[in-house]
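Please keep the sequence and the 3D view open while reading.

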Amino acid sequence: MTPLDSLANRSWRKPLIFLGLLLLVIVGGCSLIKVERIDAGNVGIKVNLAGTARGVDDITYATGWVFYSPLSTAVYEFPVYTQHKEYEEFEVQSKDGSGFGVAPSLNYFVQSDKVDDIFRQYRRPLTDIENGFLKTAVYEAYRVATNRYTADSLISNRGSYEAQVKANLVRQLQAMGFTVQQITTKLEPPVSLKAAIDAKNTAVQTGLQTENRIRQAEAQARINIAEAEGRAKAIRIAADAQAYANQKQQQSLTPLLVQMRWIEAWEKGGSSVPTYTGGSGGQFLMQMPAPGAAK
């Protein structure tokens, strides 16, 4: 190979080397710089991992598009809208030693002005905090509240029980930057207590059914009595009316009235008309044969 050919080979290699180095710089720069967008309803914080305090004091809020180097900076995004968290069932003890299963559901939100304090305290994303600190706080609130009730009173006072649990959580979490909105409980009593409650409910229902049948029988008896009294009263009224009519009729049969009725019958004529009268005052009547009749 001549010196001229060697020089020509070196001349086309230089652009390739330059392009390779440029590409390496670009790839390295992209790996050293990241871009993240903080969505609405979220609060982002940039944590300086290279500072002397190693992220504890050097925290700044971030919104919109955030450019940072993952080698020296970490970005965490905390939602500040309402979160819903359901926990698996765990057991708590009542005052009299009965074990209850509770499976709580929690609605809460993170106070936007306390995001940096929350990170300084736990240095974890929100999902990790839910399964760590919040879960422990929920368990403790249920443990304290359940221990204030006996088994029977807990079943009878579910509303006040959940209110007590919420009060315990609010008192513990409000100052930490978490606002509890609502908490609901799936409460499962022990098997023995549940069987006793079912038996008691069955007895109560049977008693209510018996009382209803007694009330129905008493009501029917009152109806029968009322109907009998009504019939008896109707009979008495009819008898009284008949007696009154008879009395009035007897009082109206005076001798003068009898004679008037006899005269009315005589005037009408007919074979049954009396043809002879006698007795004092014309009170005696005799039926005489009609004229021309056989002797």
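## A side chain and its surroundings

A polar atom in the side chain of N42 lies 3.3 Å from the backbone oxygen of A40. A polar contact is a pair of N or O atoms within 3.5 Å; within protein, one must be able to donate a hydrogen and the other to accept it, and residues adjacent in sequence count only if both atoms are side-chain atoms. This is a predicted model, in which local features need pLDDT of at least 70 and side-chain atom pairs count only at pLDDT 80 or more, while totals for chains, interfaces and linings use all residues. Residues are numbered from 1 along each chain as its sequence is written, and side-chain values use heavy atoms, with hydrogens and water left out.

N42 has a relative accessibility of 17% and therefore counts as buried (buried is under 20% relative accessible area, exposed over 50%, partly exposed in between, with a 1.4 Å probe and protein chains only). Leaving aside residues up to four places away in sequence, N42 touches E77, F78, P79, V80 and Y81; contact means heavy atoms within 4.5 Å.

## Two paired strands

N42 belongs to strand β2, residues 42-48. Helices (H or I, at least four residues) and strands (E, at least two) are DSSP runs, numbered from the N terminus. β2 and β5 pair in the antiparallel sense over seven bridges; pairing requires that DSSP finds at least two bridges between the strands. In this pairing, N48 stands opposite T73 in β5.

Five of the seven residues of β5 are buried, so the rest of the structure largely encloses this strand.

## Aromatic rings

The whole structure holds eight aromatic pairs. Rings of Phe, Tyr and Trp (its six-membered ring) pair if their centres lie within 6.5 Å; planes under 30 degrees apart count as stacked, over 60 as edge-to-face and the rest as tilted. Y76 and F119 form a tilted pair, at 4.8 Å centre to centre and 40 degrees between the planes. This pair links distant parts of the chain, 43 residues apart: Y76 is in strand β5 (residues 73-79) and F119 in helix α2 (residues 115-122).

Y76 is partly exposed, because its relative accessible area is 26%. F119, at 4%, counts as buried. Elsewhere, F90, Y139, Y142, Y149 and Y161 form one aromatic cluster.
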